[in-house]
Amino acid sequence: MFTGPLEDRIAIRELNDTYGDGVVRIDADTWGSVWADDAHWNLMGHETNGKEAIVGFWTQAMSGLESVSFTGVMASCEIDGDTATSRVQTQEILNPKDGDTRVVGGLYEDKLERRGGQWLFTSRIFKIVAEYTPPKN
């Protein structure tokens, strides 16, 4: 479901696009810009708290990748004043430096807040919903 002012929904969509751009370019500054300082991230059961720790964990995880293709599709966005919840479906192709390429379909369940006029993620929970490892030729 999509509720709330269109301007806010567009801003949250653009926040997700910034997140994805940071992933594809493996750019920690861009990727980290979308998080609140006191944010919480649950990546497939691994819990991380605080923007600094979240960006550090992500940077370490991304260091093992040669390249990534990332697409996010907003499935819902419900705004209530300066807070919001959303769901984002993702498709990723992960090309590790060592190992097999993986194709991953995932789902983010998000909480956001508008702080200082900017929407930020305060909580993201990610889980894989489908995964495929293509055969080697």
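Select Arg124 together with Tyr19: Arg124 lies over the face of Tyr19, 4.3 Å from the ring centre. The charged end of Arg124 also sits over the ring of Phe121, at 3.9 Å from its centre. A charge counts as over a ring if NZ of Lys or CZ of Arg is within 6 Å of the ring centre and within 35 degrees of the ring normal.

The model is predicted: local features need pLDDT of at least 70, side-chain atom pairs count only at pLDDT 80 or more, and totals for chains, interfaces and linings use all residues. Residues are numbered from 1 along each chain as its sequence is written, and side-chain values use heavy atoms, with hydrogens and water left out.

Tyr19 is buried at 2% relative accessible area, and Trp31 is buried at 0% (buried is under 20%, exposed over 50%, partly exposed in between, with a 1.4 Å probe and protein chains only).

Then return to Phe121 and select Trp35. This pair is tilted as well, at 6.0 Å centre to centre and 55 degrees between the planes. Trp35 is buried, with a relative accessible area of 1%, and Phe121 is buried, with 0%.

Key. Rings of Phe, Tyr and Trp (its six-membered ring) pair if their centres lie within 6.5 Å; planes under 30 degrees apart count as stacked, over 60 as edge-to-face and the rest as tilted.
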